[in-house]
Each structure stands twice: as C-alpha cells, then as structure tokens.
Amino acid sequence: MILKGGAHKYGANVDTDAIIPARYLNVSEPGELSRHCMEGIDGDFLKRVKPGDMLVATTNFGCGSSREHAPIAIKAAGVSCVIAQSFARIFFRNAINIGLPLLECAQADEIEQGDELEVELEKGEINDITKNKVFKAEPYPDFMLQLISMGGLIEYTMKKIETRGV
Amino acid sequence: MGKTLAEKILTDNSGGDAHAGDIIIARVGLAFVQDGTGPLALRQLKESGLEQIANPKRAILFLDHAAPSPSRELANDHITLRQFAEKSGVQICDVGEGVCHQLVAESYANPGEVILGADSHSVTAGALGAFATGMGSTDVAIAMALGKTWLRVPESFRIEVSGRFTNGVYAKDLILHLIGKLGADGATYKSLEFSGEAVLNMTMSERFTIANMAVEAGAKTGLFPTDETTQTYLDSRGRGASFRALSPDPDADYERVITIDASSLEPTISKPHSVDNIALVRELAGTKIAQVFIGTCTNGRLDDLAVAATILNGKRRHPKTRLLIAPASSDVLKEAISAGYIQTLIESGAVLLPPGCGPCVGVHQGALGDGEACLSTANRNFKGRMGNPEAFIYLGSPATAAASAIVGEITDPRELM
C-alpha cells in the first residue's frame, strides 16, 4: 500500500494532552474527536492538514496518557500515517489496534515541515520527494504484521475465535 | 541464565518459558478502565459483540477522573458505565471512592499476576509485585472479554538504591531524580526493577509513589520484589492470603543497572512542561505559586497527608496561594480524619476535595488560570495537563508542596522542618 502526503513536523515528546486534551475524553465519535486533533500544540493544524498528510516527529511521540482517543483523532483528521524516531509504547499499541500505521525511522529528524512524502508500508520505505531521499523504517515483528494485516486487534480476535476458539 | 521479575511473572502467567523479546499470550488477573477510557472500551465490546466478560469479579470500572461529574456529557458517560456493570456483573467503584490505582492497590492487586488498566499509571500496582501496565481502551476491552492479552516480554533495568533518605527527602524526590537521569523515553518498552537497601526500608506507600511514575520514563512496568512489608500491607487490607514471595534470580540478565545513593538526594522538582525537566527545589526558590495541589495516585495517601499536616500545623497558607487537598481514596480520607490531619490542613487554609483524581487531569476542579503556576504532587506536568496550556505545572513531594503553600513561592521543605 502506498501513502502520499505532506509532512507536518514536530519535535520530541509530543504527548497525548497535546494530541487531544483530556476535556474531550467524553467524546468517542472519531469525526468529532478529529476537530480537536493537535489542539494542545498546533492551533493551525486543522486548517493546514489535507487528506493523506503525515505527522513526522523526533523521539517519544504519543507519550503520556493511555487515551486511545489520540490515535483515533489523528486517523479521523485524515492523517495517513505517523513517522517518528520512536513512539511511546501505549500509543504504539493503540495506533496498531485502531489501524493507524506508524513508522519508526531513525532519520525522521531529517524530514522537514511541508516535505512531500511517499510511503510504501509493506517495505517500510519513506520516499522524501522534496529532498529526493529514501529512508528506511524498522520492520514490525511478525505477530504485529499479522495484527495489522487483519485490520487491528478486534478483527484479529474475532478471526481467532472463528477459527479455533480462544 | 536466571530470570528477572518480569520474566518470572510472565512465565507463570503464560504457560511457557518467557524471555525478554518473546511475544507471549498472558493470562490477565485483573483488568480495569476509568471514566475517561471506559466508554470507548464498552463501545468496542458492543461493536464486536464480545459483551460476555471472562471474569466479572476481576474486571472493574472506576469513576474517578471526572467525579463528581462536572457536566451533563460526563454524567451520561457515568450512566453508561453503571448500566454496563449492572448488566455484565463487573465491579464498579463509583464517585468518591477514590483514584483507580489507589483502590486497585488497596483492594484488588495480587502479587504475581498480570494487571491491565486503561490508564497509563496502572503501573502503580508493580509495587505489590504484579506485572501491572497501562494499555488503551481496545486492549483492555479484549482482555476483559477473553481474560488474556498479548505482550512482548520486556528487557529490564535494575535500579539499585543504597543508603537512606536524609531529612526532608522522600520517595517522590528519588523517582523524579531517576526520571531526570533516564529521560522521558529512557526506559521505553522496559521493565524497571527496584532493589537495594533503601527499597527494603521503604513503606508500601513510598513504593507505590515510585512504581506509579515508572511510565514517566516510558517504562512498561515498575516492579518491586515482595517481602515482609508487602505481607504486612496485604494483611492490613484483609488480603494476606494473596501474598506470594517474589524476587528476581541472582543471575538475571539486566540491560542496564543504575545505582543511586538515597542519602545523596535533595528535595527535587520537575519543571514545566516535561517530567524529566528536573531541578533541585532550592535552585527554583522564590518562584511564585498560585496553587498547591496535594493528592493523586502518586502522593495522596495517608503518609503524604501526614507530612503535609506536620509542616502546615499551626501555620497558614500564603494569602495569594490556594491549597487544594484530594485524598487518594475514601479509606485514606477516613484515616486522615481520625488522625487529625484533615482538621490541621483545613485550619491552615486548605480546601478539601472529594477522593478521586481531582485537578490532576484538568477536567474538573482546580483548573489553572492563564500564566498561573501550580506546585502539584501529581505525576505529570505536560502543557495543558491541568486544563490550561497557558499555565505552568511543577511536580514535587508533599513536603515541598506544603512548604511552598506557606511561603507562596517554591520552597525547600528543609527550611521549615
């Protein structure tokens, strides 16, 4: 699967209060959550973002609370994937579970605001068209690839129950 | 090769031999959600038709983050959670009973089991030797339905703490110091395992404070071995039979070993807007504080209120500094009333809030105004955390908080002890 979009660049430790402040936790409808995406650090994000765009950050993206509302808001805002040097572990699981692709890439810091990107998910390849450079993302462990290919944890669990009981 | 505590507990709960790096399916002993993450978990269960809960006695819904409810929408979320409890038979801890992590520690967590909470500070129960970790709503929902989860067995860091705290220095200062040393992502995916003379001398409450903040360095869990202190605590809660002796093998493999001399520590503080932004309290002396908050799953227990009451006894809060107190549970509140701490705190000008998360997460009570600084005993100081991105949050011990409330500025508690 090939994703295409522009980069929205952030630094280290983008936390879940920045992605979706706690006052919106009573909202669980994705479309409504998306209207507050990145509100904590980037008031103009929603004006700039176009479908398919990507979030790019340095280390520890998604740190803080366990709120799954954070990846849901990002996905529902039209973002196709998040690329960072590293992710906080709860955010990582949450994103995979709800079907938001993440790419862990040591060179994510080289990507700049507004760069046009093309991502080939299966290969873990990030093509920075603006810079004419290709970056490689860390491969997923086999178990997680299975989860992702089935569409997330709920779908994986349902499939397991159907095939052999759990 | 011997096993770390994480490897031992996960081996026991997976029916196989668990080594760091393995992906395992583990039995979940306890699963819980709170009023922020619960509605989404229930929605996932409903949409997937998995509303039959594997073990309703070991699945809990907590109403603590926005309790009592500040709005119609949140009150309706509470109704949803109560209705699900009634229908499914899962446990519910309602408004005013306390913060989920404190109630899990007091009444539910057993040494040696796997605990999943849809809240990042679920790591708190690691102090009792449980592999306790935070996950999102979907993960915990599936664990409630199936009684199982998938886990990658983490590598471990051993945190070896020697010596004893000097006067005015507490467990909070130690964990803030450690997070400063590791960085906010220094232990991502890892298990922190605490050991050494200082750890053996710690009360359960101090161990909860430390385990609670393991996630602020990115850790998956923060584990303590179990000992007499663990046994005495479980006995005091009428749960002595759940005790199990747990310790790592002497030849266990650790990715890193970090040594800290407790006697060398000073009162420590975390500056806005990141928990690893650490300084000594004395270095920030004089910073004006508009609000002091003592409470939370980190530092809202009886001994925390005792330290604050001792410092505030016979004194008043500064006229320009509000002082808010939220006991971590209704049991803590009752004990603090019996011990006279609440009387002392109220006479010093404190406002008593109901047991629960209080102002920590910024959805009700004690939100900050533009430009205001708060000194809080909580675990997180991200921008906007207490409801306002234009405010500033400092994190410190209850002693630092009490001393700063009196002076109206960040104050080293040793000056008032």
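**Aromatic rings and their charged neighbours**

In this predicted model, the ring of B:Phe157 has B:Arg256 lying over its face, at 5.4 Å from the ring centre.

From charges over rings we can turn to rings paired with rings. A pair of aromatic rings is described by the distance of the centres and the angle of the planes. Rings count as a pair if their centres lie within 6.5 Å, and by this rule there are 10 aromatic pairs over all chains. One of them joins A:Phe87 and A:Phe91, with 6.4 Å from centre to centre and 10° between the planes; this pair is classed as stacked because planes under 30 degrees apart count as such. A:Phe87 is buried, its relative accessible area being 1%, and A:Phe91 is likewise buried, at 2%.

In chain B, B:Phe194 and B:Phe224 form another stacked pair, whose centres are 4.9 Å apart and whose planes make an angle of 20°. This pair links distant parts of the chain, 30 residues apart: B:Phe194 belongs to strand 9 (residues 191-195), while B:Phe224 lies in the loop between strand 10 (221-223) and helix 9 (228-236). B:Phe194 counts as buried because its relative accessibility is 2%, under the 20% cut-off, and B:Phe224 is buried with a relative accessible area of 0%.

Returning to chain A, the rings of A:Phe87 and A:Phe91 also belong to one aromatic cluster, together with A:Phe61, A:Phe92 and A:Tyr140.

Terms used:
Residues numbered from 1 in each chain as written. Chains lettered and ligands numbered in written order. Predicted model: local features only at pLDDT ≥ 70, side-chain atom pairs only at ≥ 80, totals over all residues. Heavy atoms only, no water. Phe/Tyr/Trp six-rings, centres within 6.5 Å; stacked < 30°, edge-to-face > 60°. Buried < 20%, exposed > 50% of the residue type's maximum accessible area, 1.4 Å probe, protein only. Helix = DSSP H or I, 4+ residues; strand = E, 2+ residues; numbered from the N terminus. Lys NZ or Arg CZ within 6 Å of the ring centre and 35° of its normal.
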